Amino acid sequence: MNEVADKYADRDVGSIFVYAREAHPGENYSYHRTMDDKIRNAQGFRKEYNVTRPIYLDDLTGDCHIAYGGRSNMTYIFNRAGIPLYRAEWTDGKSAENAVIYYLDVLERRRNRERLAPFKVERIDYRDVDKERRMEGLAKAGPRALAEWQAMYDQNKLNFKPATDPGDKNNPSPI
Amino acid sequence: MNREEKIREYNVTGLSPESMKMMRERGWVGNYPPLGEKGADFPLWKLPDEGNVLEAPTSLMALIKQHRLTIVKFGSFT
C-alpha cells in the first residue's frame, strides 16, 4: 500500500495507517495492555516493514476500529466530506488502487459539471495468497502466533485457502 | 463493561475459535457503518518516533479533511 500511497499523493490522495490491536500476538509482539505496549509494537512494525505512510494509534479500547467493522486488515476510502465510499474487508493494493482511479475520475467528471448520482455496488475482489510470506510475518510475532495460526488454518477456520480452479466443487471460485 | 474490561477483552491474548466467537458476540467484528453517509469521528494519536512521547490526539475526520480522497487502512504488526 506504500506504493499506492506514493503513486497518488500528488493527486491529493492521502493515506494513513490506523494501528489497532494485534490480530496474532506472540512472544515478540504481544497483545496490548498499555499504550506503551501499543507504541512499541507499532514502532517495530513501522521499522520492520518500512511503512512510509503516517501511522496513527486508535485508543486501547479500539473504539475507531470497532466502529468501522473491527476486522484485522480492512481498508476504507473517504472523500473530503468524511463519507466512506469504499470498504474492503481485506487490504489489497490493486483493489484499493482500482477504486482510487475510479473516484478520481468521478471528481474530474464532477468538475466538468457532469450530473452524477451515487449508487451502491457490491463485488468480490481477489487478493494474493502467499502462505509462506504470511508465515514469515507471523514468525516475527513469535512461535505462539505461528502455532495458533497454523492450528486455525488446519481446522479451516481461516478464509485463506486460494480458490484457483473454477471447476473445483470443493473449492469453488466465482470466476 | 468498564474501560479496563474492554481493554482486556478487545486486545485478545491470542487467536483461537473462542476469541473469534467472543469478538463476534460482542459485536466488535463485522458491524460496518453505511457507505455514502458521513462517518463517525474518533481521536487518533500520531505514532511518535522512538524516544518521543505521544502528542495530543488529532481525529480521523481532521485527517480526512486534508485530502480530496483518503485511504485508511486498519491493521497491526501481525
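The legends below describe close-up views of a predicted model. Local features need pLDDT of at least 70 and side-chain atom pairs count only at pLDDT 80 or more, while totals for chains, interfaces and linings use all residues; side-chain values use heavy atoms, without hydrogens and water. Residues are numbered from 1 along each chain as its sequence is written, and chains are lettered from A in the order in which they are written.

**View 1. Chain A has six helices and four strands.** Helices (H or I, at least four residues) and strands (E, at least two) are DSSP runs numbered from the N terminus. Along the sequence their pattern is α-β-α-β-α-β-β-α-α-α. Of the 175 residues in chain A, 46% are buried, meaning under 20% relative accessible area, with exposed over 50% and partly exposed in between (1.4 Å probe, protein chains only).

**View 2. Glu48(A) and Lys140(A) form a salt bridge.** The term denotes a side-chain nitrogen of Lys or Arg within 4 Å of a carboxyl oxygen of Asp or Glu. The closest N and O atoms of Glu48(A) and Lys140(A) are 3.1 Å apart. The pair joins helix H2 (residues 35-48) to helix H5 of chain A, across 92 residues. Glu48(A) is partly exposed at 39% relative accessible area, and Lys140(A) is partly exposed at 31%.

**View 3. Lys6(B) and Asp63(A) meet in a salt bridge, 3.0 Å from N to O.** The pair crosses between chains, from helix H1 (residues 3-10) of chain B to helix H3 (residues 63-67) of chain A. Asp63(A) is partly exposed, with a relative accessible area of 30%.

**View 4. Arg109(A) and Glu114(A) meet in a salt bridge, 3.1 Å from N to O.** Arg109(A) is partly exposed at 24% relative accessible area, as is Glu114(A) at 38%.

**View 5. Asp128(A), Asp130(A), Glu132(A) and Glu136(A) gather in a surface patch of negative charge.** Patches consist of residues with over 30% relative accessible area and no salt bridge, like charges being joined within 9 Å and nonpolar side chains (Val, Leu, Ile, Met, Phe, Trp, Tyr) within 5 Å. Asp and Glu count as negative, Lys and Arg as positive; His and the chain ends are not counted. The place of a charge is NZ of Lys, CZ of Arg, CG of Asp or CD of Glu. Asp128(A) lies in the loop between helix H4 (93-111) and helix H5 (131-141) of chain A and is exposed at 64% relative accessible area.

Definitions and conventions
Accessible areas come from the Shrake-Rupley method with a 1.4 Å probe; for residues, only the protein chains shown count as cover.
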